[in-house]
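Good morning, and thank you for making time for this presentation. Please keep the sequence and the structure in view while I speak.

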Amino acid sequence: MAKKTILPFGPQHPVLPEPIQLQLVMEDEIVVEAIPAIGYVHRGLEKLTETKAIAENIFVVERICGICSFMHALCYCQGIESLMNITVPDRSRFLRVIWGELHRLHSHHLWLGLLADAFGFESLFMQCWRNREMVMDIMEMTAGSRVIISTNALGGVRRDIDSDQQKFILNSLNKLQEELDNIKRVFSDDYTVNKRLVDVAVISKEDAHELGAVGPVMRASGLSFDYRTTGYAAYNELDFEPIVEQSGDCYARMMVRLRECYQSIDIIRQAFAKLPEGPIASPVKGFPSGEIATRVEQPRGEVLYYIKANGTNHLDRLRVRTPTFANIPALLKMVKGLTLADIPIAILSIDPCISCTER
Amino acid sequence: MFAMVKNVIKNLFSRPSTRLFPYQTREFFPNVRGSIDNDPEVCIYCGACQMRCPSEAIVVNRAEKVWTINPYKCILCGVCAQICPKKSIAIHSEYVHPQSSKVKKIRQKKVVEEAQSHA
Amino acid sequence: MNIQIIAATILLAPVIGGLIAGIDRIITARMQHRVGPPLLQPFYDVLKLLGKENIAVTNDQSLYAVLYLVFNVITLVMFVLQMDLLLILFMLLLAVASLVLGAMSANSPFSKIGAQRELIAILAYEPILISSVVGMYFVTGSFSISRILQIDRMLFIDLPLLFIAFTYVLTIKLRKSPFDFSTSHHGHQELVKGLTIEYSGPSLAMIEIAHWYETVLLLLFAGLFFANNLYVAVAAIAICYFAEILVDNIAARLTWQIMLKSTWIPGLLIAVVNMVWVYIKYHV
């Protein structure tokens, strides 16, 4: 039997976008166990929300995660709004869907690039990130900022999208779809890419369910579950189906995200077609009280917010359970028995967002 | 195996999409939140922006009529500009370039100056 | 005369190798739609590395970096002096062996696994290199480069399959994707920098310079297939290197299992077919 060595994978490792440590117990190049250690980017944001005013907390929760910041703010706003029984104007519900899907687009493009980088395909990585710039431009034009767009507010949104901007967005999305076809061909057909993704880090339907996987990890194992189908914001008025793949390997998780890019473009087009006229925010008076748990589908899966308010301008407690946290048990299951060369791909395939996880 | 060739060759024979940054700059879209400034002549020094600023970057001295923003604390959310009763706070699209010292932006009635401070 | 040639080789080869690396980086950048670094960037990098403090994990580590450089220089000088090809191959092997030993001595799991992978890479490309030399022997009747150069036929006409196999293993030797798993030109891989992870400052600069010598040697080796016509040889080297850059940009990094299978089964097969063919042609 070979001698066991421990390979410290992380916290600082080039293929990891954010610091997480996995101590890999290896026999030759085979991983027999992975011991995770988190806590490298804990910033105490949950505690901070208790000292800030309720409206200011939007800017705090946006900073939990850079890549899905809009969804964090959306989830928080929806929670406070339902505590205070505020009806959000129709137009702002659609605008929230549009920005939410733009965020999903840029997050998935970022991830596709990182995955390409993890299996050593630099030109594909550059291609993905170049396409992502189109989405970032849309963000910059509509919201004034590229990543943390701060357009959510209690009772609606802070900025409107006018018809000129709509034209620009739809044109960019057409271009983006053409570019997506180019990279989809590589991701789905290229021999070397398939060699690295197919049948790597398989997680079965039962395991995915048992270990509480969420989002694309779950959908890639054949479980059709997408929180958007419950119809928050304006999703109940839009036509879409959760994207499901059956094989549960890295290839399936990649395909789920790649197909979700197309789906997001489609949803944005639908939302623009149905975008109603009207105000973009309803007035908010008073302070919430009571407790609530709200959920939103982020690019990485389902995020859960627990909010406890006491009728003043400060919250008693805000608790966030992010999708990456839910996916880590599934990750530990899938890395067992992999060779070292497949570890970066397996880790990236859950789209880890460690800042989210540790808040 | 050769699915990427088309993309790569196309890239090779077209103009690069990156630019040599300090020499070539990109135009920003209008309404980009780049930096915040205050017009000291219009401002009434009511302190509403200080109250509502989520990152506590703005300090208003009502007695001496001094408005100070710490650009390194500011998160450019734009709340101050939104709630300003006289609309004297404006957001410009130019970003603040990296600097070697942390300079606070001070706006004072009649006198406009940039003062050095070690924040 | 010989001393002049040796001095010219030692001085000129890193300049040529560095320029090739610079051109490589610009073309790669353009293929990725980037502007890319200036042509002389590899030289700036090495000069900067030379000015840094040498931090070594173990004492012998720096020695192995020096040995890697020295053996590469000797190999190239032997090639330019038109000596025995088999001897040159074994000197090249010694150079790689010192790199592997240096990585092994560092006692870091990343560099150890990188060293093991490099050993497997040697296992993969060495048979092809030796069979191309043997193929040249069958055609010319000598292992010596000076004799090979006297032949007025183009070796490529007799050894096309061996040349293809050689360009295939050139990808491994030049550390290009899909076979850059023991160490890669940039740190984004599971072993970070694998073999060279524990090297820094002047030692890393020496490894970089040694790699330039190695590049020049390998490209000259490729040129040997077209040796009777200088223009064809230069064109062939250019095309060969461009193909390497292209492959680098259109392939993901594979695993060593796939590399071993693809070099040993199809690679060795076409090499043997070619060798049998030239043997029958010239010796039966």
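I shall discuss a sheet, a helix, a glutamate and several salt bridges in turn. Please bear in mind throughout that this is a predicted model.

I begin with the sheet in chain A. Three strands form an open sheet there, in the order β6-β7-β8, and the pairing is antiparallel. The edges are taken by β6 (289-298) and β8 (315-321) of chain A; each has a single partner strand, so one side of each is left without a neighbour in the sheet. On average, neighbouring strands of this sheet are turned by 10 degrees against each other, direction ignored. Between β6(A) and β7(A), the latter spanning residues 301-310, the antiparallel pairing extends over 10 bridges. Within this part of the sheet, A:Ser289 stands opposite A:Asn310 of β7(A). Helix α3 of chain A, residues 69-83, packs on the sheet and touches β6, β7 and β8 of chain A. The direction of this helix makes about 145 degrees with that of β6(A).

I turn next to helix α1 of chain B, residues 5-12. Which of its residues are buried? They are B:Asn7, B:Val8, B:Asn11 and B:Leu12. Viewed down the axis of α1(B), these buried residues fall within an arc of 130 degrees, so they line one face of the helix. What covers the buried residues of α1(B)? The cover includes α5 (122-143) and α6 (163-189) of chain A, together with α1 (2-31) and α10 (230-250) of chain C.

Leaving aside neighbours within four places in sequence, the residues in contact with C:Glu118 are C:Val96, C:Val100, C:Tyr125, C:Arg175, C:Ser182 and C:Leu195.

Finally, the salt bridges. How many does the structure hold over all chains? There are 30. One of them joins the side chains of A:Asp160 and A:Arg91, at 2.9 Å from N to O. The pair links distant parts of the chain, 69 residues apart: A:Asp160 is in the loop between β5 (156-157) and α6 of chain A, and A:Arg91 is in helix α4 (residues 90-118) of chain A. A:Asp160 is partly exposed, with a relative accessible area of 35%, whereas A:Arg91 is buried, with 6%.

A further salt bridge is formed by B:Arg26 and A:Asp137, whose side chains meet at 3.1 Å, N to O. B:Arg26 lies in the loop between α1 and β1 (35-38) of chain B, and A:Asp137 lies in helix α5 of chain A, so the pair joins two chains. B:Arg26 is partly exposed at 27% relative accessibility, and A:Asp137 is partly exposed with a relative accessible area of 21%. I close with a network: salt bridges that share partners join A:Glu101, A:Arg104, A:Arg219, A:Asp226, A:Arg228, A:Glu260 and A:Glu297.

Methods
Residues are numbered from 1 along each chain as its sequence is written. Chains are lettered from A and ligands numbered from 1 in the order in which they are written. This is a predicted model: local features need pLDDT of at least 70, side-chain atom pairs count only at pLDDT 80 or more; totals for chains, interfaces and linings use all residues. Side-chain values use heavy atoms; hydrogens and water are left out. Two strands pair if DSSP finds at least two bridges between them. Helices (H or I, at least four residues) and strands (E, at least two) are DSSP runs, numbered from the N terminus. Axes are lines fitted to C-alpha atoms, for helices over the stretch in contact, and angles run from 0 to 180 degrees between N-to-C directions. Contact means heavy atoms within 4.5 Å. Buried means under 20% relative accessible area, exposed over 50%, partly exposed in between (1.4 Å probe, protein chains only). The arc is that of the directions from the helix axis to the C-beta atoms. A salt bridge is a side-chain nitrogen of Lys or Arg within 4 Å of a carboxyl oxygen of Asp or Glu.
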